[in-house]
Amino acid sequence: MTRRTPPLDVMIVGAGITGLALGLVLHQKGVRVKVIDRRPLPEFAAPAGFDQRIYAMSLASEAFLRRAGGWQDMDQARVQPILGMKVRGDRDGRLSLAPNRGQTAPMGWIVEAGAMLSALHRHQTKVAPELLETGLTVSAIHEQDSALEVCLSRGQSWQTRLLVAADGIHSDLRERFGVPAHFSPYGHRAIVANYRISGQHGGVARQWFVPGEVIALLPLVGQHVSLVWSAQGDHAQALLAMSPVQRAQALQQQVGYELGLLEEISVPADFELRRMDVARWIAPRFALVGDAAHGVHPMAGQGLNLGLQDAACLAETLIGRGPGPDCGDRSLLRRYERARREPVAVMQGLTGGLAHVFSASRQRWGWARNWGMNRLERCSWLKDELVRYANR
């Protein structure tokens, strides 16, 4: 069935946090937009327990989600403010970060992916029930003079001035448009799980650089933390083969007892850590956002933040386009691509470089990385700049 309706301004494929937030912001400004997702509707509900997918949300990301409307619908009992950070090297390196002087807000927030997506969806159903359609995939795309015709799996067909891929690191749309993606493995796997602690975390995100690996414990509400252990391949498999008690003991040996005793309360998951770069972010009437456009090491927790900054930049570019060009105009898309390439490349280089330095042999790099960490610890203005940069 073909819908004989005026073309959409924007169609977004992928209703994760980035895609759905972008759709809501555009809808608020009168942009004719549709969001589709392959997942069925029940998958947009928040999980009953703690989600394994945890994000460290910057203040800039919070502001964009407030603008989209989802943050206000978030269950605040599932949101943990970040009140500080502590980083430990593999020798005597120490680094602590706190909100800048005079800053009353937290450094950021720890949110569960499922809870955040559910909040966005609840808000969307209230303010724009027609915005999202689920259980759909793209079956074909045809170029027209001033639009794309997007054919969907249930027989619908929409014309759109701009098609946005927000469909993840293995983006089907990216492949359809012939945009090459280059994957560079870091040689590690991330093991994620949630733990109950007998002590108090104080809202502090903690990170340990142990020989060849990185361990992060992010604070969750109550006496709970979320683990992200970037482990070398063989060690990752050994950790996954352990019992929950053995795994908790192995973790305890690395991080000590600052948080008290650790008890695993979720089934661990794991995924390969890879950097992902694309040859270009745009094609005629097509743009990439979020994980479809880039992949970074998770040590700084910036993956979702970068995606939301993509969405904010694209939204501002489209909303402020004026009366002349339509949303698929190439000059607009080039402006978006130029604005986002550099900050993403900087973050990829920073996290990738740190991952390399801290996974290198202790004999070669140990003194340098721990010396640098301690020097930074004594430089308050530079630490303030780091906190400020992380929240852009």
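**Figure 1. Helix α1 passes helix α3 in a left-handed crossing in this predicted model.** A crossing is called left-handed if the near helix is turned anticlockwise from the far one by less than a right angle, and right-handed if clockwise. Helices (H or I, at least four residues) and strands (E, at least two) are DSSP runs, numbered from the N terminus. The axes of α1 (residues 17–28) and α3 (residues 113–127) come within 10 Å and cross at roughly 25°, which makes α1 roughly parallel to α3. Axes here are lines fitted to C-alpha atoms, for helices over the stretch in contact, and angles run from 0 to 180 degrees between N-to-C directions; angles under 35 degrees count as roughly parallel, over 145 as roughly antiparallel, 65 to 115 as roughly perpendicular and the rest as oblique. On the α1 side the contact (heavy atoms within 4.5 Å) is made by I17, L20, A21, L24 and H27, and on the α3 side by A113, M116, L117, L120, H121, H123, Q124 and V127. These residues divide into 9 nonpolar, 4 polar and no charged, where Ala, Val, Leu, Ile, Met, Phe, Trp, Tyr, Cys and Pro count as nonpolar, Asp, Glu, Lys and Arg as charged, and the others, Gly among them, as polar. An α-helix has 3.6 residues a turn, so residues three or four places apart point the same way.

The model is predicted: local features need pLDDT of at least 70 and side-chain atom pairs count only at pLDDT 80 or more, while totals for chains, interfaces and linings use all residues. Residues are numbered from 1 along each chain as its sequence is written, and side-chain values use heavy atoms, with hydrogens and water left out.

**Figure 2. Helix α3 is largely enclosed by the rest of the structure, because 11 of its 15 residues are buried.** Buried means under 20% relative accessible area, exposed over 50%, and partly exposed in between, with a 1.4 Å probe and protein chains only. The buried residues of α3 are A113, G114, A115, M116, L117, S118, A119, L120, H121, H123 and Q124, and what covers them includes α1, β3 (54–57), α2, β7 (108–112) and β8. At 1.5 Å a residue, the 15 residues of α3 should span 21 Å, and the end C-alpha atoms of α3 are 21 Å apart, which agrees; the expected span is 1.5 Å times one less than the number of residues.

**Figure 3. Helix α2 (residues 59–68) packs against helix α7 at an angle of about 50°, with their axes 9 Å apart.** The two helices are therefore oblique to each other, and the crossing of α2 and α7 is left-handed. From α2 the contact is made by S61, F64, L65 and R67, and from α7 by N305, L308, A311, A312, E316 and I319; the contact residues divide into 6 nonpolar, 2 polar and 2 charged. Helix α7 (residues 303–319) has 17 residues and reaches 24 Å from its first C-alpha to its last, close to the 24 Å expected at 1.5 Å a residue.

**Figure 4. A147 lies in the loop between β9 (138–143) and β10 (148–152), and R285 in the loop between β18 (282–283) and β19 (286–288).** A147 is buried, with a relative accessible area of 4%, and touches H142, T160, R161 and R285, not counting residues up to four places away in sequence. A147 and C327 are 180 residues apart in sequence, yet 9.9 Å apart in space, C-alpha to C-alpha. R285 also counts as buried, at 16% relative accessibility, and its phi is near 60°, a positive value in a residue other than glycine.

**Figure 5. T134 is found in strand β8 (residues 132–134).** T134 is buried, with a relative accessible area of 14%. Not counting residues up to four places away in sequence, T134 touches D37, R39, P40, L41, F44 and R154.

**Figure 6. I169 lies in the loop between β11 (157–165) and α4 (172–176).** I169 is partly exposed, with a relative accessible area of 25%, and touches R174, F183, M276, D291 and A292, not counting residues up to four places away in sequence. I169 and A293 are 124 residues apart in sequence and 7.4 Å apart in space, C-alpha to C-alpha.
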